[in-house]
Amino acid sequence: PWRNAISCFRKTNMRRAISHAKNGEWPISKAVDGVTLDYEARHRRRYRLRTHEGEDVLLDLAEAVAMADGDGLRLEDNSWLAVKAGQEDLVEITTDNPQHLARVAWHLGNRHLLAAINANRILIRPDHVIESMVVGLDARIRHVTEAFQPEHGAYHEHRDTPLSSAS
């Protein structure tokens, strides 16, 4: 039968990650290991993680957190795990000028898509319908594999986070 993360913890004595800190706000020198997570896995409250060294750790936070590359997870013994954004299949959108890219960004936002936006390009997840729409707007698409850190929504509670750094 299927077991949730808590029932697995009770049976295996797995270590727990009990708090999160943003990049630059945790003692990186205390990192004993790390985890590489795709975007979906970086937005969790409770989840079974596999560290780079192969240890299973229970993510057991009070509330769901949107983690980013370079963040840290504090373990019960006050050691830390470094969070690394994993590589994902994405679509890069480019245009000949910033005004055209802004117009494409508007169309993507109108469809409530997750997107990492900067002055030169937009990254989205693959979606053949959206890709056709973007090409129909005279933009260029290219399939890439890299870390994905989309913009937070307008009502995201942590507004002090800098804008995306998709390069």
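Two strands count as paired here if DSSP finds at least two bridges between them. Keep that rule in mind for the opening stop. The model is predicted.

**Stop 1: the sheet**

Select the six strands that form an open sheet, in the order β2-β6-β5-β1-β4-β3. The pairing is mixed. Colour β2 and β3 apart from the rest: they are the edge strands, and each pairs on one side only. Now look across the strands. From one strand to the next, the twist averages 30 degrees.

**Stop 2: strand β1 and its two partners**

Select β1, residues 15-21. Zoom to S19; its bridge partner in β5 is R74.

Now turn to β4, residues 56-66. Here β1 pairs in the parallel sense, over three bridges. Pick R15 to find one of them: its bridge partner in β4 is V57.

**Stop 3: the β3-β4 hairpin**

Seven bridges join the two strands, which run antiparallel. H43 is bridged to A66 in β4. Follow the chain from β3 into β4: the strands form a hairpin, with five residues between them. Stop at G54 in the turn, where phi is positive, about 95 degrees.

**Stop 4**

Is E40 buried, partly exposed or exposed? Its relative accessibility is 39%, so E40 counts as partly exposed. Draw a distance to M67: the C-alpha atoms are 9.6 Å apart, for residues 27 apart in sequence.

**Stop 5: aromatic pairs**

Show the aromatic side chains. A search of the whole structure finds two aromatic pairs.

Start with W26 and W80. Their ring centres are 5.5 Å apart and their planes lie at 25 degrees, so the pair is stacked. The cut-off for stacking is under 30 degrees. W26 sits in the loop between β1 and β2, and W80 in strand β6 (residues 80-85), so the pair ties together parts 54 residues apart in sequence. Both W26 and W80 are buried.

Next, select Y39 and F148. The ring centres are 5.8 Å apart with planes at 70 degrees, so this pair is edge-to-face. Y39 is in the loop between β2 and β3, while F148 is in the segment after β10, 109 residues away. Y39 counts as buried because its relative accessibility is 16%. For F148 the value is 0%, so F148 counts as buried too.

**Stop 6: helix α3**

Select residues 128-136, helix α3. Colour I130, E131, M133 and V134: these are buried. Look down the axis. The buried residues of α3 fall within an arc of 160 degrees, so they line one face of the helix. In an α-helix there are 3.6 residues a turn, so residues three or four places apart point the same way.

What covers the buried residues of α3? The cover includes β7 (87-94), α2 (98-110), β9 (122-124) and β10 (140-147).

Finish at the two ends. At the start of α3, a side-chain oxygen of D127 reaches to within 2.9 Å of the backbone nitrogen of V129. After the helix comes D138, with a positive phi near 65 degrees.

Notes: Residues are numbered from 1 along each chain as its sequence is written. This is a predicted model: local features need pLDDT of at least 70, side-chain atom pairs count only at pLDDT 80 or more; totals for chains, interfaces and linings use all residues. Side-chain values use heavy atoms; hydrogens and water are left out. Buried means under 20% relative accessible area, exposed over 50%, partly exposed in between (1.4 Å probe, protein chains only). Helices (H or I, at least four residues) and strands (E, at least two) are DSSP runs, numbered from the N terminus. The arc is that of the directions from the helix axis to the C-beta atoms. Contact means heavy atoms within 4.5 Å. A polar contact is a pair of N or O atoms within 3.5 Å; within protein, one must be able to donate a hydrogen and the other to accept it, and residues adjacent in sequence count only if both atoms are side-chain atoms. Axes are lines fitted to C-alpha atoms, for helices over the stretch in contact, and angles run from 0 to 180 degrees between N-to-C directions. Rings of Phe, Tyr and Trp (its six-membered ring) pair if their centres lie within 6.5 Å; planes under 30 degrees apart count as stacked, over 60 as edge-to-face and the rest as tilted.
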